Every structure is written in structure tokens, then in C-alpha cells.
Amino acid sequence: MSAFVINGGRRISGSLRVQGSKNSVLPILAATFLVCGKSIIHNCPTLSDTNSTIRILKNLGCSVIREGSTVIIDSSTAQGYEIPDDLMREMRSSVVFLGAIIGRMKKAVISSPGGCEIGLRPIDLHLYSMRQLGVNVNEDYGKLVCDVPKKLEGNRITFSFPSVGATENAILASVTANGTTVIVNAAREPEIIDLCNFLNKCGAKISGAGESVITVEGVETLKPCEHSVICDRIVTATYLIAGAVTGGDVSLENTNPVHLQAVLPLLEEAGCNVSVRCKTIRLKAPLRLNRIDKIITQPYPGFPTDAQAPFTALACVAKGTGVIVENIFESRFKHIPELIRMGASIKTEGRVAVVEGVERLYGAEVVSPDLRGGAALVLAGLTAMGTTVVNNTKFIDRGYEDLENNLCMLNADIKRRG
Ligand code: UD1
């Protein structure tokens, strides 16, 4: 099992260009299946999740070439409509292919994504939106078999919760449907806007992305285009916290500070000096962080659930007690027992964690429980006294490009083992 070995206590300082967004690149790559032709996508991060997405595209019959951070997808002759179980299991968010496959092939077979490390992750909202558009969905021994008996017909889709993935699937399936689709209580995340910008460049007619109501006027076909994926706001937050917990001074380039409006004020509340110039965010940290009173995860534009675990690591070493409420996923505190092994003082009750800051954490052997929980343990290791071994890097590699080399460039002492 691969691990990160971190000798903590060094100030994280210097500049770094932040990678493209994982949560944008996945639906955009899936969307290229809908486009008959050669799409060119820039700023694609090198991640195991991106590789899994490329494998799915190839399995569907697309030709895919990667040149650095650019991925060129030719879907002209692709005829696949089934995602095999092993590919589906590699990455549960591959359910976002459903809308794209249905949109193009009018049928799809995928395995049920099932439970995962941060909670059950049901797909009822995805399936509801497909049914609203005229898709027949049959659940058959762990498989979802979908077809469109007549035509995909635009309709009203009213979500009971603004699910990111379900909104993406609804957009992907409706973009070439007959007539108009109105998605009510849509997710408003920047990654939804990025997906819609890509599709609109391809000739789609989508309005309202970034708002709660999205209107999609179906078009006959989409033409290929060139697109650059937005910067990863969660990775940006993670590197900012690396600076914060080590009394450091980091400048992150190629970011979009607007996407971090719920995050940057909390870093200021912790006593950091945060300055923004165009696409660069600079954070200068005090020697000891102040407590953050309350962190409550919410759909965008609220505080992101993906930044909850990294902020928990920060709260562990702040002066005073803070409360963290996880509202999005029911099981997203698995990093907490590992942080406690490092000397953190945290009590949890259901979706609430009360973190009493300690003067310092101590290096220990810990196991990464999931992607962002793993990032939190790396952050804890950077600030801890002594050596921390974070086992199970495979989760972290799903979302952080070249994490150890980037942190080394910022003065950390971190190595990959195994
Ligand atoms: C996406 C992000 C993930 C982020 C999450 C919330 C990607 C690849 N992943 O995941 O990093 O943490 O948004 O911002 O973009 N739900 C249902 N039924 C459904 C769908 C969702 O009950 O059909 C529930 C989920 O169980 C969860 C909540 O809705 O409790 C949010 O999920 P959702 O917004 O769909 O997250 P994902 O798209 O899976």
C-alpha cells in the first residue's frame, strides 16, 4: 500500500499554479461523448479519476489522446452504450455518463453505483430526471438498463435537493432532447457553469447555469469545440490551509477567488491575511490560528462539503473550540478518528463535530479513509511534530495532481513510499 511520509513542522511557503478542476473535467469529458467529432479539452488534471473517465470513453468507442494537460477525444464513430461493472466501480461519479450515453445512443446499461466511503450516494434523483425526459429505467440485478421508447422529450424536472451529479445528468440528457427542459432547484456549483459553457460552445442552448433554474432548449446536434477546464477550488483551499496550519505564506496562481467566497472569509476568521490579485490568492498565516466559530456545509454558494475535512485539520490546531456541521453527506467524518490518533481533541455526535484546538499534533501512522479525508491527514502531518505516515494514497490520487512534488516545491518534507 502506497503511503506519504511527512516530516512535519516546516513552513509552507512559495507559489504554485493550481490544477484544473476534477469535478469539472469528469462531466465535460463525459459530455464529449454527446458531440460527434473531435473535442479538445485543456487544463485536464492528471488524476486517477481522469484516467478512469478516459478508459470509459475508450470503452464506449471513442479515440482519446492525451498531450500533457490536453485531452483530445474523437467520438465520431463511437457506438458503445454500456459501462462495464469494473469501470463503474473504479469511480462512482461515472454515473454522470448516463445522461450523455442516453442523449446520444437513446439507450444505456450501467451497473448501480452502490455505497461508498462517504455515504450511500443514492441515484434516485438522477433516475427521476431521466424518467421525466421519457427514459425507461429498469433496475436489473445490480444493473440499470435504460432505453428511450419514443424520443427524449423536454420536460420540467424539479429536484428535491440540488444534487450536482443529477443536475449534470439532466443537462446532458436534455441538451439534444425535443423541446424545452426546465430544471428547478438545480445545483449552482461553478462546475455546472463550466459544463454548460462547454456545451453552449458546442451549440447547445442552455441558460441559467449558476442559478437555481436552468432552461435547456433542445438542439438537433452538437459540434465539437475547444475548451479549458476551470481551476480546482477544493485543491486551492487545500493548499491555502497547508499555508495556514504551518504559519506559512503561499501564493496560488490560476485560481478563481469568486468560487471561494464561502472559504476565504473563514481563513481570515482564523487570523490569516488573505489578499487577492486577479487570479492569484496569497495567504500569510499567523504563528497560531484563531478558532473558527462554526463551519456548516451547504450546497454552493455555501461552504463546500469537500473542504470540510481539510478545515477540520485546521480547527485541530487553532486556539479555542469550533463546531463543524456536515449537512451534505451522512458519513463524512472518517478522518476524525485518524486525527485523534495524532493528538487532536474532537467529539462527534451525528453530523456535528466539536473540535477543541490543541497546541500541536504529533506524527503517527494513519490511514486515508477517502479523498478529502486523506488530504486532511496530509495537512495534519505538515503541522505535526515528528513523522506522519498517511497510508492508502490511492484515494488522495483521485483528486490531487502531483501532491507530494507540489508540497515539496512549497518547502514541505514529504515523500511517497511504495
Ligand atoms: C459532487 C462532487 C463531490 C461533492 C458533491 C457535493 C463530483 C464528481 N463530485 O458529488 O465532490 O462532494 O458533489 O458538493 O462532482 N443525493 C441523493 N440522491 C441522488 C443524488 C444525490 O439523495 O440521486 C444526495 C447524496 O446522497 C448527498 C447529496 O445528495 O447526500 C449531495 O450529492 P450530490 O450533489 O449528488 O453529489 P455528487 O454529484 O455525487
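A pocket is here an open set of points on a 1 Å grid over the protein atoms alone, where a 1.4 Å probe fits and protein lies on both sides within 12 Å along at least five of seven lines; lining residues have an atom within 4 Å of a point. The lining comprises 16 residues, with Val245, Thr246, Leu287, Arg360 and Thr383 lying nearest the centre. Helix H8 (233-245) and helix H12 (371-383) are the elements that give two or more residues to this lining; helices (H or I, at least four residues) and strands (E, at least two) are DSSP runs numbered from the N terminus. By class, the lining holds seven nonpolar, four polar and five charged residues. Ala, Val, Leu, Ile, Met, Phe, Trp, Tyr, Cys and Pro count as nonpolar, Asp, Glu, Lys and Arg as charged, and the others, Gly among them, as polar.

Residues are numbered from 1 along each chain as its sequence is written. As the model is predicted, local features need pLDDT of at least 70 and side-chain atom pairs pLDDT 80 or more, whereas totals for chains, interfaces and linings use all residues, and side-chain values use heavy atoms, without hydrogens and water.

The ligand is surrounded by 17 residues, the closest being Asp124, Leu125, Ser163, Asp306 and Ile328; the criterion is a heavy atom within 4 Å. This shell divides into seven nonpolar, six polar and four charged residues. Helix H5 (124-132) and helix H6 (164-174) each supply at least two of its members, and the largest share, three residues, comes from H5. Because domain 1 (3-19 + 231-417) and domain 2 (22-218) both give residues to the shell, the ligand lies between them; the domain bounds come from an automatic or database assignment.

In the side chain of Asp306, an N or O atom is 2.6 Å from an oxygen atom of the ligand. The protein covers 84% of the 730 Å² of accessible area that the ligand has on its own, as given by the Shrake-Rupley method with a 1.4 Å probe.

Conventions. Polar contact = N/O pair within 3.5 Å; in protein donor to acceptor, adjacent residues only side chain to side chain.
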